[in-house]
Number of protein chains: 2
Amino acid sequence: MSESVEIVTIGDELLLGTTIDTNAVFLARALGEIGVPIARRATVADDPDEITDAVRQALERTGGVITTGGLGPTADDLTRPVLARLFGRELREDPAIVAALHALWASRGRGGALPPSNLQQALVPEGAEVLANAQGTAPGLKLTDAQGRWVIMLPGVPRELRHMTTTHIVPWLASRGSGTVLRSRSVRTTSIAESALAEKLGPMKREVEGLPLAYLPGHDGVDLRVTARGLAAEESTRRLDAAVARIRETVGIHAYATDGVSMASVVLDLCVARGDTIAVAESCTGGLLGARLTEVPGSSRVLLGGVIAYSNAVKEQELGVSADDLEQFGAVSEQVAVQMARGVRGMIGATIGVGITGIAGPDGGTPDKPVGTVWIAIDVRGETTARVAIYIGDRAEIRHRATQVAMDLIRRALLAS
Amino acid sequence: MSESVEIVTIGDELLLGTTIDTNAVFLARALGEIGVPIARRATVADDPDEITDAVRQALERTGGVITTGGLGPTADDLTRPVLARLFGRELREDPAIVAALHALWASRGRGGALPPSNLQQALVPEGAEVLANAQGTAPGLKLTDAQGRWVIMLPGVPRELRHMTTTHIVPWLASRGSGTVLRSRSVRTTSIAESALAEKLGPMKREVEGLPLAYLPGHDGVDLRVTARGLAAEESTRRLDAAVARIRETVGIHAYATDGVSMASVVLDLCVARGDTIAVAESCTGGLLGARLTEVPGSSRVLLGGVIAYSNAVKEQELGVSADDLEQFGAVSEQVAVQMARGVRGMIGATIGVGITGIAGPDGGTPDKPVGTVWIAIDVRGETTARVAIYIGDRAEIRHRATQVAMDLIRRALLAS
């Protein structure tokens, strides 16, 4: 088993909830890939005693700690002096970092002299290793004590942290490994409940191929994750592949992808393989389906375009939805969804049209059509399918779920045809 | 000062990085509002020893712990039995919860009998208080020991956790308060660097009205946050209001909002006040600007609609962009952005048109127009403005920043006119 590490993320904003800790997520994935388990994660305030206490405890437990945040140019950036003190080191200004800071400032064309506060970032504890930051101003630092216990300080800016993790941290940690890895794989499902999945999996509901199975419900559906620990890389891959294959087979059509693959990628790949193209007509989702599809690089081959038809006038004039049907059945109806899908397909000249119309809330619900009611229609080369559901959640959840179902309808239609 | 609490979030998926811990963010905000500081947050695996250890340490430090996760119906849900053991209590099946589980299953129309695994959720440690979960199957639990130290177990499903926090946790914690609050407020800025802000703020760069100032850079720009601790509610509000006013005055036009208010809300409010309406034409952002604007409830009064013009054919046929200009200047050019803005304004009949065209990457860059190059144009009642920038970051960051700048252009144009 590889030595594990702990993560200490530093920042008032993380405890106050003003910022989501995406760095912890990135580090977890990057370290997991090379079989370095994260034993524990702690989040503490921009407070000298709290930082000292959390890092000292983590060092006592695991002997290896990565911190994020508190390396910037402002007064609430305390990580550098506090951890220098914990390791009993003086801070010295590093002339190479000073020069690099001046050069970076000039190259960004910001004009004027480097603000003096930035020079705080050139202070280095005696004996520390400086980890270059190609993406920003604050370099990382690594301190090691006489017993070989270490702490690596990384900046809190996500882009900088990600780059330094990939270039410095992962290669160094991987070189210390014991030959075993920690890896997990997931099968992604949608339109099926967690407990229904467990029943479907039967004897495999807790363990598949000897690997523990976890259920991770989210807005996209339920992800089923198997994890292999303490195995050599090859054996780990073999067992995970076998487990994923068995889960996919058992879950059937509800499984749309594995691992981090998005529904958008799956749909785009299916379209590319079959020569299909997509046009979207969005009312309550206001462009979100288009935005999700175009998150994927290369999506321009498939998503030709679309119409955000928030107002009824746009639905009528641009998509050719019948004014009578809008009047008789309402904007949130099967008739309107189908006409939106057909209309946008014809207008853009795609093989597949999608129409979404619903009530995302928080207002606008009626007893007949409560908040969360969404009609989704697809027109695949002239063949239309429509579906209504009442999605649970807030405005953002309802909109996200509706776009997920719209993509899933395309996926199922293409697989069935 | 109110008694602080610690948060222990439980789940392999959090340490493996497959899930982002949005529950911790929600709890932090909800508790901060009522002046209950979160002293520390720890994240541990679905492992009995790790859960026990983290909760025991947190109880020793602060005497009040909220856990999230591990209460569901599957085998990796360990929180209930592990914490019952830590408190020395037996687990008993609660007939009221059993009945509620059966009723919920039936009401959701899932068909068939309740899967037996769900009954795990009816086990309650002796002497525990059951916290009803109106949004899901797993109730919360509260255990208190002889010294008055307590742990509250909440489910990991965000919607359920949020509802239980609002209905049970916040009222109970607020009733134990000492009369002081922990509150923070933010001034949101965009299109200005962190260090340039610090220089602009001069003597206020670390502290405003005696309150510490933090710099929080993100994709929307830099948020400036002041925090008041250990003050009575009224004094805290007075100091925070004064600090926010001074910061806004000093930062000027770069400050677009305060606290959690989004750029989309600011732009929509400005439009409502002036009788303006918006139409969007999006190429590289593929609907993201529309999606961000329509995140805001009531946005239908302003955003009439738009066109996702990913392909050149859609740019020409629907928006009337000149084929010659597409050929001569390329799709990513001032000419095309301006014609997109004008075209969509006319087509939809709005007072403001927006055109965005750029290279979101990772491919498609050239020496002249590297990845990240985005032209944005706005047409406000016939007056057009265009702007180009090279955004740094990955595809998602480039697209997000471009939509932020597009909205900021509208904001500045409306404020200047």
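Which residue is the bridge partner of Arg41(A) in strand 2 of chain B? The partner is Thr43(B), and the bridge belongs to an antiparallel pairing between strand 2 (residues 38–44) of chain A and strand 2 (residues 38–44) of chain B. The structure is a predicted model.

**Relation and contact of the two chains**

- The same surface serves both copies, since 100% of the contact residues of chain A recur in chain B.
- Chain A contributes 74 residues to the contact, and chain B contributes 75 residues.
- Strand 15 (residues 303–309) of chain A supplies 7 residues, the largest share of the side of chain A that touches chain B.
- By residue class, the side of chain A that touches chain B comprises 36 nonpolar, 22 polar and 16 charged residues.
- Strand 2 of chain A and strand 2 of chain B are joined by 3 bridges, with the two strands antiparallel.

**Domains of chain A**

- The domain assignment divides chain A into domain 1 (5–175), domain 2 (181–258) and domain 3 (263–416).
- A distance of 35 Å separates the C-alpha centres of domain 1 of chain A and domain 2 of chain A.

**Nonpolar cores**

- The largest nonpolar core has 159 residues, of which Ile278(A), Val354(A), Ile278(B) and Val354(B) touch the most other members.
- When neighbours within four places in sequence are left aside, the contacts of Val354(A) are Ile278(A), Val280(A), Ala281(A), Leu289(A), Ala341(A), Ile378(A), Ala406(A) and Ile410(A).
- Another core, of 82 residues, lies apart from the largest one; among its members are Met153(A), Val157(A), Ala58(B) and Ala128(B).

**The five-stranded sheet of chain B**

- In chain B, 5 strands form an open sheet in the order 10-11-12-9-13, with antiparallel pairing.
- Strand 10 (207–208) and strand 13 (255–258) of chain B are the edge strands, each pairing on one side only.
- Within chain B, strand 11 (residues 211–218) and strand 12 (residues 221–232) run antiparallel and are joined by 6 bridges.
- Across from Tyr215(B), strand 12 of chain B places Leu224(B).

- Strand 6 (residues 129–131) of chain B pairs with strand 7 (residues 140–144) of chain B through 3 bridges, in the antiparallel sense.
- In this part of chain B, Val130(B) is opposite Leu141(B) of strand 7.
- Strand 7 of chain B also pairs with strand 8 (residues 150–154) of chain B, again in the antiparallel sense, over 4 bridges.
- Lys142(B) is opposite Ile152(B), a residue of strand 8 of chain B.
- A hairpin is formed by strand 7 and strand 8 of chain B, with 5 residues between them.
- Gly148(B), in the turn of this hairpin, has a positive phi of about 85°.

**Cis peptide bonds**

- In chain A, the peptide bond from Gly361(A) to Pro362(A) is cis, and its omega is near 5°.
- Pro362(A) belongs to the loop between strand 16 (352–358) and strand 17 (373–380) of chain A.
- In chain B, Gly361(B) and Pro362(B) are likewise joined by a cis peptide bond, with omega about 5°.
- The loop between strand 16 (352–358) and strand 17 (373–380) of chain B holds Pro362(B).

- Ser191(A), a residue other than glycine, has a positive phi near 65°.
- Ser191(A) is placed in the loop between strand 9 (180–189) and helix 7 (194–201) of chain A.
- Ser191(A) counts as partly exposed because it has 16 C-beta neighbours inside 10 Å.
- Ser191(B) is not a glycine either, yet its phi is positive, at about 65°.
- The loop between strand 9 (180–189) and helix 7 (194–201) of chain B contains Ser191(B).
- With 16 other C-beta atoms within 10 Å, Ser191(B) is partly exposed.

Note on methods. Residues numbered from 1 in each chain as written. Chains lettered and ligands numbered in written order. Predicted model: local features only at pLDDT ≥ 70, side-chain atom pairs only at ≥ 80, totals over all residues. Contact = placed C-beta atoms within 7 Å. Pairing = 2+ DSSP bridges. Domains from an automatic or database assignment. Core = buried A, V, L, I, M, F, W, Y, C linked by C-beta atoms within 7 Å. Buried ≥ 20, exposed ≤ 12 C-beta atoms within 10 Å, placed from the backbone. Nonpolar A, V, L, I, M, F, W, Y, C, P; charged D, E, K, R; others polar.
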